[in-house]
Amino acid sequence: MRSIDTGLLLGLASLLSTSCAQTAPDHPEDAVVLGALLPFSGSESAVGRNLEQAMLLAVEDLNAAGGLDGEPFDLRSRDSHSSAERGFQQLLELLYTDQVAYLIGPEESDIAREIAPDVRGLDVFHMLPGYAAPTVRRNEAKGGWMRLAPSPYDVGCALAKYAIDEGIETVNSLAARDDYNASVSSSFTTNFAALEGRVLPSVTFTSGEPTYTNMIESAFASHADRTLLAAYPATASIIVTEWTVSGRPGTWFLGPALRGEVLLANIPTGSLDGYLGVSPSLSLRGECRVMEGAEASLDCTTGNAAAFIDHFSRRWGDEAPLPAAHFYYDGVVLIAMGLAYAQAKGREMPLSGHALQRVISELNSPDNEAASWRDLSSAMARLRAGIPLRYVGAAAEYEFDSYGANQHHSMQGWTIHGDAFVDLAPISLTCRVGQ
């Protein structure tokens, strides 16, 4: 999922260094410890607790399925404080003080890149479920990285195809300078140009400014048919409000980080009605079919995602998971499945990061039989018996490239009506330029 520069109330501050989810379990002794870094406080705090709840749910489900041959899994969370400096120090604590061998997160891409030499040097495993996670484009002899969510390139591809399908001839962007939103903007304009659209001058800004009036005026001075707003919700809500006051010049495309209730709660009702956005699709490949006569047109059902939403909500007092929470749940399960299979094959525990990456990649070959998150008891039992299984998760059916990045085939289109997001048709990913 993405980093979000908005805040929600997060419970007792005294719990932030370990766990911020309600009714989190005590840490069992002799457990297989997974370390997580999440933003429980600071400007990006809106997502931290929800993502941790997804991982805690996965731990509960795995332990109910027998754990790692009877040994329980445990999650040890630390707070990034939405700060690169403080977050990096917390990652170091996880690696050197807590000595975790399996790391999940952070949401902040710059922290994830900064810790890469330590991951390599210690040969630990680093699972990256978040939207804004850095790309994994390296093969290393030590350390292991896996990225679960679609890349900024995938987002840009889908937005560009949407623009062409809508008959749009010119585009530009108003984009935050952070790595993720800047990459989404660049990928969008690159793919749009490759599809023979015309790209007009774009505008960038630094989040945290008191006003964005001048940036808005500059972005719409180009008179593009559509302007991509690539930002996190707190900043975007200020921009949309100022844009509304100025008379709503031009029209928007909406970046994936903007699909969140926090945005809708902080903009004038109806101000973004009808504007199009894209986010990672939560439909499984098996739930999608290509419509006859239109190669890029998909029809997808959402039964798997709906089942996980119900499972999550039952556990956490009717609270719904953020879309990124599906990927965080899957990140925990993928680690557990890899360890269970490796142990069955006689591998010594804890498994090195490099070895675990290879095991997870091999398990998720399309040639292996599928195992669903809905029946982890059966899946873990069969893995403990040495039977290779690929994972059909809460967010996706997983298949990894040689670098450890999950391969995606579609993105979810959506729009806004009043105070609600409305799903549109998914978009197939067939772009290849600039990768």
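Q: Over the ring of which residue does the charged end of Arg315 sit?
A: The model is predicted. A charge counts as sitting over a ring if CZ of Arg is within 6 Å of the ring centre and within 35 degrees of the ring normal. The charged end of Arg315 meets this at 4.0 Å from the centre, and the ring is that of Trp316.

Q: How far from the centre of the ring of Phe253 is the charged end of Arg226?
A: The charged end of Arg226 sits over the ring of Phe253. Its distance from the ring centre is 5.0 Å.

Q: Is the aromatic pair of Phe188 and Phe192 stacked, edge-to-face or tilted?
A: A search of the whole structure gives 14 aromatic pairs, and Phe188 with Phe192 is one of the pairs, at 6.2 Å centre to centre. Planes under 30 degrees apart count as stacked and those over 60 as edge-to-face, with the rest tilted. The planes of Phe188 and Phe192 make 40°, and the pair is therefore tilted.

Q: In which helix do Phe188 and Phe192 lie?
A: Phe188 and Phe192 are both buried. They are four residues apart, about one turn of the helix, and that helix, residues 179-194, is α6.

Q: Which residues do ring pairs link into a cluster with Trp243?
A: Rings pair if their centres lie within 6.5 Å. Such pairs link Trp243 into a cluster with Phe220, Trp252 and Tyr275.

Q: Which are the edge strands of the open sheet of five strands?
A: The order of the open sheet is β2-β1-β3-β4-β5, with parallel pairing. An edge strand here pairs on one side only, which is the case for β2 (73-79) and β5 (144-147).

Q: Which residue of β5 stands opposite Phe125?
A: Strand β4, residues 125-128, pairs with β5 in the parallel sense over four bridges. Opposite Phe125, the residue in β5 is Gly144.

Q: What angle does the direction of helix α12 make with that of β5?
A: Helix α12 (residues 353-363) packs on the sheet and touches β3, β4 and β5. Helix α2 (residues 84-97) lies across β1, β2 and β3, running at about 175° to β1. For α12 and β5, the angle between the directions is about 40°.

Q: At what angle do helix α1 and helix α11 pack?
A: Helix α1 spans residues 48-64 and helix α11 residues 323-344, and their axes are 8 Å apart. The crossing is right-handed. Residues making the contact include Leu51, Ala54 and Leu62 of α1, and Tyr328, Val332 and Ala336 of α11. The packing angle is about 35°.

Q: Why is strand β6 largely enclosed by the rest of the structure?
A: In a regular strand, side chains alternate between the two faces of the sheet. In β6, Thr170, Asn172, Leu174 and Ala176 are buried on one side, and Val171, Ser173 and Ala175 on the other. The strand is largely enclosed because the number of its residues that are buried is seven of the seven.

Q: What is the bridge partner of Thr170 in β7?
A: Two bridges join β6 to strand β7 (residues 198-199), and the two strands run parallel. The partner of Thr170 is Arg198.

Q: What distance separates the C-alpha atoms of Ala307 and Ala394?
A: Ala307 is in helix α10, residues 303-315. Leaving aside neighbours within four places in sequence, Ala307 is in contact with Trp373 and Arg374. Ala394 is 87 residues from Ala307 along the chain, and their C-alpha atoms are separated by 8.4 Å.

Key: Residues numbered from 1 in each chain as written. Predicted model: local features only at pLDDT ≥ 70, side-chain atom pairs only at ≥ 80, totals over all residues. Heavy atoms only, no water. Phe/Tyr/Trp six-rings, centres within 6.5 Å; stacked < 30°, edge-to-face > 60°. Buried < 20%, exposed > 50% of the residue type's maximum accessible area, 1.4 Å probe, protein only. Pairing = 2+ DSSP bridges. Contact = heavy atoms within 4.5 Å. Axes fitted to C-alpha atoms, helices over the stretch in contact; angles between N-to-C directions. Left-handed = near helix turned anticlockwise from the far one by under 90°.
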